[in-house]
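Reader: Please take a close look at one helix pair in this model. I would like the contact described first, then its setting in the chain.

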Amino acid sequence: MTFTESEERQALRKAAGDLARRYGHEYYSKLARSGGHTTELWNEAGRLGYLGVAVPEEYGGGGAGIGDLAAVCEEFCAAGTPMLLMVVSPAICATVIARFGKDEQKKHWLPRFASGEARMSFAITEPDAGSNSHKLTTTARKDGADWILNGRKVYISGVDEAEAVLVVGRTEDAKTGKLKPALFIVPTDTPGFEYKQIEMDLVSADKQFQLFLDDVRLPADALVGSEDAALAQLFAGLNPERIMAASFSVGLARYALEKGTAYAKERSVWGTPIGAHQGLAHPLATVKIEMELAKLMTQKAAALYDSGDDMGAGEAANMAKYAGAEVAIKAVDTAIQVHGGNGLATEYGLGTLLGAVRVGRIAPVSREMVLNFVAQHSLGLPKSY
Ligand SMILES: Cc1cc2nc3c(=O)[nH]c(=O)nc-3n(C[C@H](O)[C@H](O)[C@H](O)COP(=O)(O)OP(=O)(O)OC[C@H]3O[C@@H](n4cnc5c(N)ncnc54)[C@H](O)[C@@H]3O)c2cc1C
């Protein structure tokens, strides 16, 4: 066991961080506030191979693991340029297609995930099912060789930037009872597929959408893999999603902690830097400890996932996601407090993150559902719902 990342990963972190810092938080927040997108940064990261690090080499990717992609994600967030689509497109969608896709799907999508050229959203959440995915009602019916898809989705990130959406539904044969998911690649220009932006009190360059699927006709090969891969296929995407969400939060915590610490060293109101007061030093130190712990658990989850231990990775990824979200919220709150009035001034680049870090407690899986998972699966406690 080693607690030092490989030289390759350290170099990747440095290079990705350098690129993201060249753009910086001001670039990000200006775009986010004006309804823009981080297309330039995304494209450059793609060209340099950072978005495709986890895509298999035979399809033009880096052939590394989710731990490397998570490191890129953390560095982007630590530079103040958080890109939600990174959690979705190269992590969930590319992983599911690489592990379960048909040959043609792999050939079509993976090289373009590797270069960042293709972007794909991921849609599981439904207005009525919420956290209870067993209640998903998006349904695919066979019509000759085609599939006809009907359903509604909500809070789906980045659909306006995506070429297609990976939609989690169920086939008509598996319409009721425990979830037996079927995953479909739905191009965003397919007739019958509509999306509408949800106004959010969130400063984010990636927007959220409601999806309306009304008799969306898809060819047979829109189904990822086979109907039978079912849950294994979905979990292949959900573990990377949680690991990426954890690294997203850890990166944002780092960004806030760095700003809070720098300000605490330079601002002085009683003749000594305010960081000398334990009322500020201890909360900053607490964030440092909790951030390092969250990062360690994220690395553990990624290492388990990359070694093929999906079950072990599931528990660790949930814990990492929980810990990351909690420390990111605390980090931004603490950094704002350290800054006093300046904490909410646009110039200091902290208030912009209040919503972004709060998302981590809700999505991709809520804090309560993580606690339910740990209570039931790690502790063996009875299920309450
Ligand atoms: C910014 C953002 C981006 C998102 N992006 C995507 C995306 O790209 N794709 C996608 O599919 N989804 C996305 N989501 C949706 C997200 O995954 C869901 O919001 C989340 O899973 C919670 O579901 P819900 O909103 O329906 O809440 P509900 O399920 O309605 O839950 C409401 C509250 O009840 C609690 N609760 C529910 N059941 C239990 C229980 N059994 N025990 C204890 N508490 C419980 C929850 O924890 C929560 O606090 C996004 C959400 C946001 C905010």
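Author: The model is predicted. The pair consists of helix H8, residues 310-339, and helix H10, residues 367-378. The two pack at an angle of about 140°, and their axes lie 10 Å apart. Their crossing is left-handed. On the H8 side the contact is made by Glu315, Asn318, Met319, Lys321, Tyr322 and Ala325. These meet Arg367, Val370, Phe373, Val374, His377 and Ser378 of H10. By class, six residues of this contact are nonpolar, three are polar and three are charged.

The shell holds 22 residues, of which Thr125, Gly130, Ser131, Ser366 and Glu368 come nearest to the ligand. Its composition is 13 nonpolar, eight polar and one charged.

As for the setting, the protein chain has 10 helices and seven strands. Its radius of gyration is 21 Å, close to the 21 Å given by the globule rule for 385 residues, so the chain is as compact as a globular protein of that length. Along the principal axes, the C-alpha atoms fill a box of roughly 80 × 50 × 45 Å. Buried residues account for 47% of the 385. Among contacts with a separation of 6 or more, 73% join residues 24 or more positions apart.

Terms used:
Residues numbered from 1 in each chain as written. Predicted model: local features only at pLDDT ≥ 70, side-chain atom pairs only at ≥ 80, totals over all residues. Axes fitted to C-alpha atoms, helices over the stretch in contact; angles between N-to-C directions. Helix = DSSP H or I, 4+ residues; strand = E, 2+ residues; numbered from the N terminus. Left-handed = near helix turned anticlockwise from the far one by under 90°. Contact = placed C-beta atoms within 7 Å. Nonpolar A, V, L, I, M, F, W, Y, C, P; charged D, E, K, R; others polar. Rg over C-alpha atoms; globule rule 2.2 N^0.38 Å. Buried ≥ 20, exposed ≤ 12 C-beta atoms within 10 Å, placed from the backbone. Near = placed C-beta within 6 Å.
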